[in-house]
Amino acid sequence: MYPCQQGARCFFLGTVLMSIAATSQGNVHNYSTGGDDLGNLVGNITHSANPQHTAHSYTDSILALLTGGQSHGQNQFLQQVQKNPLLGAELLQTFSNLENILGKMIPDMLTGSVERNPGDPGIQCMADLAEYLTALKNKTWWALQMADATGKPGPGLLKGNLQMYGNFDECLEVRGAVDGNDSNTIEGNHCLAIITLPSSITDIFNNPITGRLLEGSVPSFQWHMCVPKSCSEQDMEQVLNSLPLRDLNMTVLSLNCRHDKDLGNDISGIVGVIISSVFVLVAIVGTLYDIITSANRDKQHNDVISGKYVNQPVSVDGSVSNHDNELSMDRKRNSMVDGQSLYDTKESRELFAKPKESIGKQLLLAFSITRNTEKLLSVNSSASDLSCLHGVRVLSMAWVILGHTVLICLTSAINPVDGFKDLSSFTMQAVTNGTVAVDTFFVMSGCLVAVLFLREKEKNGKLTARQMVLYYVHRFLRLTPLYMMVIMFYVCISGYFRDGPLATPLPDRENCRRNWWINLLYINNVYKSSPTEICLGQSWFLANDMQFYWIAPLALVPLACGWPFIGFLVILVLIATHIISYSYLEYFVKGSAVVNSAQFSTEIYFMPYCRVGVFAIGMTLGYILHKTQCKANIPKAWLTLGWILSVGVGLVCTYITYDEWTDGQITWGRSSLLAHEVLFRPAWALCVSWMIFVCCSGYGGIVNSILSWKAWIPVGRLTYGAYLLHVMVLTNHQANRRTPPYYSIEHLSYEFLGTWSFTYGLSFIFAVLVEAPCLGIEKALLRR
């Protein structure tokens with residue numbers, strides 16, 4: 001090619017081309033992920049769409065996918081790339097033409113820009129670019145490095161590979177002396193540009209044969225460029241706009257350059273570090289105090305035991321040989337194993353009871369790392385515990401993490417066409433329908449709220465004002481400290497762990513700075529929930545769950561006070577509200593996670609009145625478990641029929657969508673779509689409720705054995721933190737990725753296992769330092 005016949009132009013052209021190709025692929029990445037579609041399909045966290053002609057870098061697109069990226073058309077674009085020979089030819093021809101045109105025109109246009117704008121604020125950038133071109137012509141090493149570090153078109157265009165990754169670290173290592181003057185150097189910096197594909201490609205989808213598939217999204221590609229550090233986003237945008245992109249019907253959608261992070265000038269970062277340091281410092285002090293006082297207390301107990309019991313007469317039954325072991329066991333079990341201990345006397349209870357500690361000491365010990373770790377890792381559970389819920393909780397969270405791992409892997413894969421084709425297969429419907437895991441959490445939440453509320457009333461014999469106040473206070477204090485700490489960490493600190501080619505600003509971090517109080521009030525699912533205002537996208541679930549908790553006493557109080565008719569009437573009203581509102585809105589939205597994900601998410605998916613029916617079904621389950629004391633007598637015939645229906649309906653809910661989306665085309669009619677969307681979540685809730693009911697009643701067999709495995713207990717305690725943190729883990733990992741991955745089942749397996757392990761490890765740290773201490777403080781202050 002002509003540009004490759006000229007040394008300087010060839011190198012710079014490769015840089016530009018690679019960047020352009022990268023930009024193209026990247027944006028296809030952004031939109032190709034199926035954005036909103038997959039966001040709703042693969043996880044329990046999805047929102048509304050990106051505005052038309054709005055571009056995001058990769059990590060921005062992740063947020064868009066979780067908060068509503070309008071990538072439906074881009075998804076179809078990738079799926080059609082492999083099928084349409086005309087599209088493939090256009091892609092190859094476009095990049096070939098682009099390479100020739102840019103190679104001929106870039107040097108002259110850049111030089112002319114410097115000459116025409118000697119007084120512009122970006123004059124240093126233009127001068128450095130001109131020096132860069134001169135150094136390339138002379139084959140200077142630092143210029144060759146910069147050109148080498150810039151992204152270039154790679155293979156696999158027909159597989160959706162429209163990302164042009166460069167070498168991020170090589171770019172940042174560039175240090176070039178100008179005219180041999182070491183005091184005047186040019187440093188390399190990474191910039192990510194996102195550029196639309198030409199209309200010759202996009203028009204293929206807007207003809208009478210293929211139909212209007214793009215639906216407003218703009219297919220584009222990512223270009224990872226290595227440019228002089230003196231160039232800002234505005235400078236590089238000016239440079240790119242001076243190129244003949246418009247002649248090719250291409251537009252620069254966005255451009256983000258790497259910025260050095262300086263904690264000293266970041267007030268919010270300093271505040272975040274101080275707050276985190278305070279928690280760590282108090283935890284260290286509390287741990288040391290716990291170790292010292294525990295040692296002293298054990299010494300005092302041993303001295304008292306020696307003085308009172310050594311050389312004393314043998315007890316009437318002669319069983320003093322295991323005295324120390326028995327006492328040790330009793331202390332671990334709060335001095336009582338079964339209420340019939342041999343040493344259950346007034347004297348022994350006074351001797352071996354834990355000394356009462358002052359409020360100040362209790363507050364300090366609440367931060368003890370050793371105590372909190374012991375509590376979190378304990379596998380002990382009471383006989384009245386609904387043990388199968390531990391396994392349901394952990395497996396449902398794993399389903400959520402798997403869905404989002406698949407989603408984000410697809411957005412960065414070098415072969416997204418293969419990935420989307422795989423997702424349309426029958427077996428992968430279990431991944432794309434991962435949103436039902438959210439409904440499982442709603443069922444469990446409703447069940448536990450009912451069981452605990454009814455047990456508390458039964459224990460006290462009546463409902464008191466204090467009980468009702470604590471009902472709300474405890475819930476708020478249980479969820480909020482960790483929730484707010486994660487938001488603080490996300491806004492103030494997490495950015496310092498992001499330093500890679502895709503580490504561009506995440507819009508919702510700025511939203512959290514402005515709108516964190518909306519999350520604090522748990523109204524972020526109905527107020528300022530658009531993609532431009534949302535803070536921590538996955539938190540929509542917490543808002544719904546809290547709102548359901550607020551209204552639950554409308555049904556639970558009548559049920560607890562012996563007015564079951566009123567209680568069940570309220571539950572039926574909640575279920576009816578779910579079905580009627582869902583039906584009404586779906587009739588006008590005419591969408592789903594696949595068909596019209598943007599509008600569907602913001603108007604239906606996040607709305608509490610469209611999800612409350614599942615929670616109400618969970619409350620019904622909790623009431624039944626409480627009334628039967630988990631000892632229901634289920635005839636074998638009914639048990640068999642129940643399992644058949646439960647498993648059958650559950651499989652239908654999970655796999656029926658295989659028929660909805662075939663070869664990139666919607667095959668369901670409006671009535672079929674409406675019936676499925678309205679009914680499949682309540683149907684799933686009934687299946688989960690049956691499984692929990694029979695397991696808690698002793699008829700679960702091997703299913704109950706698996707779900708009640710004691711190893712689930714400590715992992716289940718970390719699930720709340722894992723839910724809050726897993727998206728941050730995924731996006732940070734992708735932001736720092738130096739090369740695009742190749743989509744395959746093996747790669748997904750490694751990504752999922754790594755994400756799951758790292759997420760729960762991080763959740764454990766937050767639980768030990770924040771969640772458990774806050775619960776200990778609440779217990780000390782409220783005397784629960």
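Me: Which cysteine sulfur is closest to that of Cys 653, and how far away is it?
Reply: Going by this predicted model, it's the sulfur of Cys 687, at 5.5 Å, which is too far for a bond. Cys 653 itself is buried, with a relative accessible area of 4%.

Me: And what about Cys 695?
Reply: The closest cysteine sulfur there belongs to Cys 388, 4.9 Å away, so again too far for a bond. Cys 695 is buried too, at 4% relative accessible area.

Me: What does the Cys 125 to Cys 231 one look like?
Reply: The S to S distance is 1.9 Å, and the torsion about that bond is about 95°, so the disulfide is right-handed. It links distant parts of the chain, 106 residues apart: Cys 125 sits in helix α6, Cys 231 in the loop between β5 and α10.

Me: Are those two cysteines buried or exposed?
Reply: Cys 125 and Cys 231 are both buried.

Me: Switching to α31, where is the kink?
Reply: It's centred on Leu 725, at about 40°.

Me: How many of its residues are buried?
Reply: 16 of the 17 in α31, so the helix is largely enclosed by the rest of the structure.

Me: Which residues make up the nonpolar surface patch?
Reply: Leu 263, Ile 270, Val 273, Ile 274, Val 278, Tyr 496 and Phe 497, with about 570 Å² of accessible area together. Ile 274 lies in helix α11 and is partly exposed, at 48%.

Methods: Residues are numbered from 1 along each chain as its sequence is written. This is a predicted model: local features need pLDDT of at least 70, side-chain atom pairs count only at pLDDT 80 or more; totals for chains, interfaces and linings use all residues. Side-chain values use heavy atoms; hydrogens and water are left out. The bend at a residue is the angle between axes fitted to the seven residues ending there and the seven starting there. Helices (H or I, at least four residues) and strands (E, at least two) are DSSP runs, numbered from the N terminus. Buried means under 20% relative accessible area, exposed over 50%, partly exposed in between (1.4 Å probe, protein chains only). Patches are made of residues with over 30% relative accessible area and no salt bridge: like charges are joined within 9 Å, nonpolar side chains (Val, Leu, Ile, Met, Phe, Trp, Tyr) within 5 Å. Accessible areas come from the Shrake-Rupley method with a 1.4 Å probe; for residues, only the protein chains shown count as cover. A salt bridge is a side-chain nitrogen of Lys or Arg within 4 Å of a carboxyl oxygen of Asp or Glu. A disulfide is a pair of cysteine sulfur atoms within 2.5 Å.
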